[in-house]
Amino acid sequence: MTPERLLGTRLRQLGLAADMEVATHSNRTVMLSVTARGQLRLHRGYSHAPDRVLRAILRFIDARQSRERRRAAEREFLLFPVHAYAPSSKGPVRLERLRPGDEAVLQRLREMHRGLNVQWFEGTLADVPFRLSSRMKVSLGELCLDARNKQVISIAISRRHLRRDGWAEVEHTVLHEMVHQWQAETDRAVDHGREFRTKAREVGVAPAAARAVLGGNGR
Ligand SMILES: [Zn+2]
């Protein structure tokens, strides 16, 4: 059974109401929502989350919990880096066909990675393939990890981001993903936790914003 199929079962074992339907998605800004019909929709990256994170999700959607406890729960599950565990296509990453001009862009990204690696990581990070994604509409960049062994597969950069935001912003995105790469390659947890924030500050990037929305039933 895939981790995704297992997610509903795991949530129920941890106390999710038996009649609540679970669905996964890969929307990049809204990590979690409860629909008016009582369906729990969450990012499919959560199928790789440990029980601790799933319990936080259950506390967050539990209306009987105090506001403070639910806020704390929200902070906890937002720290889990769903994007690191959910490449934008199932199975092996499907490569998009290269377009005219892509090779020059990819070359520039590889050089940027090499320079930043020397500047901030003492050249210790592995060279990593870049790919350009037109499917990424909300997120700017994404470190793709093999969920089984945390091996770094690639860094994807959104074509829309490249088109709209300019190279200074793209460099910021690449650095953010490189901090995750550093976490993965040094056997640290790949997340937005304290170590991430410390390292991010050190290299001059801010942790990514993410938000959770509860819709439908007015909570
Ligand atoms: Zn991140």
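## A buried charged pair

Asp102 and Arg159 are both buried; here buried means under 20% relative accessible area, exposed means over 50%, and partly exposed covers what lies in between (1.4 Å probe, protein chains only). The side chains of these two residues, Asp102 and Arg159, meet in a salt bridge with an N to O distance of 2.8 Å. Asp102 sits in helix 5 (residues 102-121) and Arg159 in helix 6, so their pairing ties together parts of the chain that are 57 residues apart in sequence. A salt bridge is counted when a side-chain nitrogen of Lys or Arg is within 4 Å of a carboxyl oxygen of Asp or Glu.

Before going on, some notes on how to read this report. Everything here comes from a predicted model, in which local features need pLDDT of at least 70 and side-chain atom pairs count only at pLDDT 80 or more, while totals for chains, interfaces and linings use all residues. Residues are numbered from 1 along each chain as its sequence is written, and side-chain values use heavy atoms, with hydrogens and water left out.

## The overall layout

The protein chain contains 7 helices and 6 strands. Helices (H or I, at least four residues) and strands (E, at least two) are DSSP runs, numbered from the N terminus. Starting at the N terminus, you can follow the elements of the protein chain in the order α-β-β-β-α-α-α-α-β-β-β-α-α. Of the 219 residues in the protein chain, 46% are buried.

With 0% relative accessibility, Phe77 counts as buried. The C-alpha atoms of Phe77 and Met31 are 9.0 Å apart in space, although 46 residues separate the two in sequence.

The structure has 2 aromatic pairs. In Tyr46 and Phe77, the ring centres are 6.1 Å apart and the planes stand at 75°, so this pair is edge-to-face. Tyr46 belongs to the loop between strand 3 (39-43) and helix 2 (51-61), while Phe77 is in helix 3, so the pair ties together parts that are 31 residues apart in sequence. Tyr46, at 0% relative accessibility, counts as buried. Phe60 and Phe77 make up another edge-to-face aromatic pair, with 5.1 Å from centre to centre and 65° between the planes. This pair links distant parts of the chain, 17 residues apart, with Phe60 in helix 2 and Phe77 in helix 3. Phe60 and Phe77 are both buried. Together, Tyr46, Phe60 and Phe77 form one aromatic cluster. For such pairs, rings of Phe, Tyr and Trp (its six-membered ring) need centres within 6.5 Å; planes under 30 degrees apart count as stacked, over 60 as edge-to-face, and the rest as tilted.

## Further salt bridges

The structure holds 10 salt bridges. One of them joins the side chains of Glu76 and Arg52, at 3.2 Å from N to O. Glu76 is in helix 3 and Arg52 in helix 2, so this contact ties together parts that are 24 residues apart in sequence. Glu76 has a relative accessible area of 23%, so it is partly exposed. Salt bridges also link Arg52, Arg59 and Glu76 in a network.

Arg114 and Asp127 meet through their side chains in a salt bridge of 4.0 Å, N to O. Distant parts of the chain are linked here too: Arg114 lies in helix 5 and Asp127 in the loop between helix 5 and strand 4 (130-133), 13 residues apart. Arg114 is partly exposed at a relative accessible area of 40%, whereas Asp127 is exposed at 57%.

## Charge on the surface

On the surface, Arg99, Lys137, Arg160, Arg163 and Arg164 gather in a patch of positive charge. Patches take residues with over 30% relative accessible area and no salt bridge, joining like charges within 9 Å and nonpolar side chains (Val, Leu, Ile, Met, Phe, Trp, Tyr) within 5 Å. Arg160, a member of this patch, is located in helix 6 (residues 159-185). Its relative accessibility of 32% makes Arg160 partly exposed.

## Positive phi in two loops

Most residues other than glycine have a negative phi, and most peptide bonds are trans. Glu122 has a positive phi, near 50°, and lies in the loop between helix 5 and strand 4. Glu122 counts as exposed, at 73% relative accessibility.

Asp187 also has a positive phi, near 60°. You will find Asp187 in the loop between helix 6 and helix 7 (194-203), where Asp187 is exposed with a relative accessible area of 74%.

Conventions
Areas by Shrake-Rupley, 256 points an atom, 1.4 Å probe, with all protein chains shown as cover. Lys, Arg positive; Asp, Glu negative; His and termini not counted. Charge placed at Lys NZ, Arg CZ, Asp CG, Glu CD.
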